[in-house]
Amino acid sequence: MAEPEPWLRGTLTEVDAVKRQILHALELALEDCDRWCAPLTTAQMNTRPAGIASVGFHLRHIARSLDRLLTYAEARPLSPTQLEVFRSELDSPQPAAATLAEFRTGIASATERIRAFAPNTYEDPRTVGRQHLPTTVGGLLVHCAEHTQRHIGQAVTTAQVVTRQP
C-alpha cells in the first residue's frame, strides 16, 4: 500500500493548520518531482513537446516564483536579480542536475520562509507586481501552494510525455 500524501500523514502539527497545508503542498511537489522529473536526462528535461513549456521551465518557475511571492509577502520589493531571472525562465535550459538542485533549494528556502510567518499576519495587506494589485499575506501564502501544485502537475505530465517519445 502506498504511503498517503503529506497532508494525510499527521505531520507538521507544530504549525497552524493553514501553514501546515501550504507546507504539505510544497512537500508533495518535491515528492512528485523526485518520482517523475528527477530520472529525466538533460535532453528530456529541456524538451518542449508540441512547443509547450519544458519540465525544466516548470521546475525553475516554481522555485523562482516562490521566491518572488514570498518577497511580496514579506513586504519587500523584488530585486533586479529576481526580475532578471523572471524574464529568462523560459529561455534558460540548464543541465538536469542544476535544474533539480535549483528546484530543491527553492522548496527548502520557501519552507523556511513560510514557517517564519505568524498566523496573526495572514490578513495584513500586501501588493503584487508593478500594478500593486491588492492581496494579503495569507493570499500570497495560499497562492504559493496552489501555483506550485499547478506547475508540478504540468511538469509531471510533460515528463510522462517526453519519456514516452522515441
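Which elements each supply at least two residues of the lining of the second largest pocket? They are H3, H4 and H5. Helices (H or I, at least four residues) and strands (E, at least two) are DSSP runs, numbered from the N terminus.

This is a predicted model, in which local features need pLDDT of at least 70, side-chain atom pairs count only at pLDDT 80 or more, and totals for chains, interfaces and linings use all residues. Residues are numbered from 1 along each chain as its sequence is written, and side-chain values use heavy atoms, with hydrogens and water left out.

Start with helix H5, which runs over residues 96-115. Its 20 residues should span 28 Å at 1.5 Å a residue. The expected span is 1.5 Å times one less than the number of residues. The end C-alpha atoms of H5 are 29 Å apart, which agrees.

Buried means under 20% relative accessible area, exposed over 50%, and partly exposed in between (1.4 Å probe, protein chains only). The buried residues of H5 are Ala96, Thr99, Leu100, Phe103, Gly106, Ile107, Ala110, Arg113 and Ile114. They cover an arc of only 160° around the axis, so they sit on the same side of H5. The arc is that of the directions from the helix axis to the C-beta atoms. An α-helix has 3.6 residues a turn, so residues three or four places apart point the same way. Ala97, Thr105 and Glu112 are exposed on the other side of H5. The cover over the buried residues includes helix H1 (17-37), helix H2 (42-46), H3 and H6.

Thr111 also belongs to H5. Thr111 is partly exposed, because its relative accessible area is 23%. Contact means heavy atoms within 4.5 Å. Beyond its neighbours within four places in sequence, Thr111 is in contact with Leu23 and Leu26. Leu26 is 85 residues from Thr111 in sequence, yet their C-alpha atoms are 7.6 Å apart in space.

Two loop residues come next. Gln94 is in the loop between H4 and H5. Gln94 counts as buried because its relative accessible area is 17%. Apart from neighbours within four places in sequence, Gln94 is in contact with Thr42, Asn46, Arg60, Arg64, Thr99 and Glu102. Its C-alpha atom is 11 Å from that of Gln44, 50 residues away along the chain.

Ser54 is in the loop between H2 and H3. Ser54 is buried, since its relative accessible area is 5%.

Turn to the pockets. A pocket is an open set of points on a 1 Å grid over the protein atoms alone, where a 1.4 Å probe fits, with protein on both sides within 12 Å along at least five of seven lines; lining residues have an atom within 4 Å of a point. The largest pocket holds about 530 Å³ of space. It is lined by 20 residues, with Tyr72, Leu78, Val128, Gly129 and Arg130 nearest its centre. Helix H3 (55-73), helix H4 (80-88), strand S1 (125-128) and helix H6 (137-163) give two or more residues each to this lining. H3 gives the largest share, 5 residues.

The second largest pocket holds about 180 Å³ of space. Of its 14 lining residues, Ala63, Arg64, Asp67, Gly106 and Ser109 are the closest to its centre.

Key
Grid points are joined across faces, edges and corners, and a volume is the space filled by probe spheres set on the points.
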